[in-house]
Amino acid sequence: MTTIPASMALNAYARAAGMGGNVQTPQAGAAGQANGAFGDMLKQAMNEAINTAKAGETQMAAVTGGTGGNIVDVVTAVAEAESTLQTVVTVRDKVITAYQEIMRMPI
């Protein structure tokens, strides 16, 4: 099991809190609206994951290309991209597990 530094965890929580503010809570008779909000939240999370990975690649290119950059920034960006990927995989696994549980429920 890998250890995640506190600063990266705080950044992840801050990003999640920013996304959570856009999610609408389900109201009676508004199931379609709640599904759209959940889908929007997932889309935003995936875009954030992609942007984090791109930022890491940009930092690596800056250092290896000789245009400046700091190796500490590269390591931080890569670590953030790794933790974001781990979060995406964990959420995917939880969604699959929930789906399997629903499919096993008796009708």
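**A walk through the helices**

Threonine 87 counts as partly exposed, because its relative accessibility is 46%, and partly exposed lies between buried (under 20% relative accessible area) and exposed (over 50%), with a 1.4 Å probe and protein chains only. This is a predicted model: local features need pLDDT of at least 70, side-chain atom pairs count only at pLDDT 80 or more, and totals for chains, interfaces and linings use all residues. Residues are numbered from 1 along each chain as its sequence is written, and side-chain values use heavy atoms, leaving out hydrogens and water.

Threonine 87 sits in helix α3. Helices are DSSP runs (H or I, at least four residues), numbered from the N terminus. In sequence, 38 residues separate threonine 87 from alanine 49. In space, their C-alpha atoms are 9.1 Å apart.

Helix α3 also holds valine 95. Valine 95 has a relative accessible area of 43%, so it is partly exposed. Helices α2 (31–64) and α3 (71–104) each give two or more residues to the patch.

How confident is the predictor in each residue, from 0 to 100? The chain's pLDDT averages 74, and 65% of the residues score at least 70. Confidence is highest in α3, at a mean of 87, and lowest in α1 (residues 6–20), at 60. Over residues 20–32, pLDDT is below 50. Beyond near neighbours in sequence, that stretch has 6 contacts (heavy atoms within 4.5 Å). Where pLDDT is low, predicted coordinates should not be read in detail.
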